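Hi everyone, thanks for coming. Please have a look at the sequence and the structure, and then we'll walk through a few parts together.

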Amino acid sequence: MFPYELYVLAVAFLVCIPRATAAACEPIRIPMCKLMPWNMTKMPNHLHHSTQANAVLAIEQFEGLLGTQCSPELLFFLCAMYAPICTIDFQHDPIKPCKSVCERAKCGCEPIMKKYNHTWPEILACEELPLYDRGVCISPEAIVKAEGPDNPYYQESKCSSESTPDFSLDSHSVNCRDSNSEPCKCKTVRLAQKTYLKNNYNYVIRARVKEIRSRNHDFSAVVEVKDILKSSLVRIAHDTVTLYYNSGCLCPPLTANEEYIIMGYENEERSRLLLIEGSVAQKWKDRMARKVKRWDQILRDQSRTNSGRNRTRRSRH
């Protein structure tokens, strides 16, 4: 199924592109790419593989890297290169992935590749790919509104995890942004009594991170709550909850499958738990629970003292 929005974009550009005899589109037979939001491709692909059988052998070398979940866009980018999208009206040149998609995949995954003495492959260089606003290209953002169970990038999909790829980010993505943006720099918030008393967090939880989600650079963290050390405005269940970042940066950084003590704020109107400036996320240690309870008692004592002083001042007047 080819997304309508991208179809309109492709047809618009066809006005200026001369027709040429080309091989017909063919159904995708590459197993790794069968869950993409398109189901037709064309050979040769962008890497000059003449058949899908050849492309399968080449793309399978990335299975290990995909298993690290180093970037939520790696699979999308690879399939856009090895099994490029093809439509009946756009066969002259298969559509390439956008440069920004390549850069985000590279930024997340190259640090892991370097640990094993590998670098980002030259055949997947980002420099030659088109910019989103200057040419025809494909990106998850462009097709996120394409509805239906065949589109794993449709955000409101009710599909089970068995039918959609489970994408997540890890700490390698913290400082990754598009080449035209400033890199993210997370401020380190030292967890101490002074910080806790000054920031007066709305909630404090012990939680295991299940996944980090990204939509157009807006991040959220899905966590499994293990213990609730403090809550105020929003009811927190001992269940899976979502924590919302308010910027395009993953600050404070979280890593999937790790357990943290997380301190943040709440949006009562929208019943949301927030991770904003000043929030803390540190690897869980048992002694942290005792510290938080002690610090919270100090806060309550200070609050009662201040309330008593205010009542005394009012009575004098």
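Let me start with a question: where is the place of His48? His48 sits in the loop between E2 and H2. Before going on, a word on where this comes from: this is a predicted model, where local features need pLDDT of at least 70 and side-chain atom pairs count only at pLDDT 80 or more, while totals for chains, interfaces and linings use all residues. Residues are numbered from 1 along each chain as its sequence is written, and side-chain values use heavy atoms, with hydrogens and water left out.

Now the names. Helices (H or I, at least four residues) and strands (E, at least two) are DSSP runs, numbered from the N terminus. The protein chain has eight helices and 10 strands. Of its 317 residues, 45% count as buried; buried means under 20% relative accessible area, exposed means over 50%, and partly exposed is in between, with a 1.4 Å probe and protein chains only.

Back to that loop. The phi of His48 is near 70°, which is a positive value in a residue other than glycine. His48 is exposed, with a relative accessible area of 70%. Pro44 is found in the loop between E2 and H2 as well, and the peptide bond from Met43 to Pro44 is cis, with omega near 0°.

Next, helix H2, residues 52–59. Which of its residues are buried? They are Gln52, Ala55, Val56, Ala58 and Ile59. These cover an arc of only 165° around the axis, so they lie on the same side of H2. The arc is that of the directions from the helix axis to the C-beta atoms.

What covers the buried residues of H2? The cover includes strand E1 (26–27), strand E2 (40–41), helix H3 (63–67) and H4.

Let's stay with H4. Two packed helices are described by the angle between their axes and the distance between the axes. Axes are lines fitted to C-alpha atoms, for helices over the stretch in contact, and angles run from 0 to 180 degrees between N-to-C directions. H2 and H4 pack at about 150°, with their axes 11 Å apart. They are therefore roughly antiparallel to each other; angles under 35 degrees count as roughly parallel, over 145 as roughly antiparallel, 65 to 115 as roughly perpendicular and the rest as oblique. The contact (heavy atoms within 4.5 Å) is made by Ala55, Ala58 and Ile59 of H2 and Leu78, Cys79 and Tyr82 of H4. By class, that contact has six nonpolar, no polar and no charged residues. Here Ala, Val, Leu, Ile, Met, Phe, Trp, Tyr, Cys and Pro count as nonpolar, Asp, Glu, Lys and Arg as charged, and the others, Gly among them, as polar.

H4 (residues 74–82) also packs with H5 (residues 99–115), at an angle of about 130° and with the axes 9 Å apart. H4 and H5 are therefore oblique to each other. On the H4 side the contact is made by Leu74, Phe76 and Phe77, and on the H5 side by Val101, Cys102, Ala105 and Cys109. Those residues divide into seven nonpolar, no polar and no charged.
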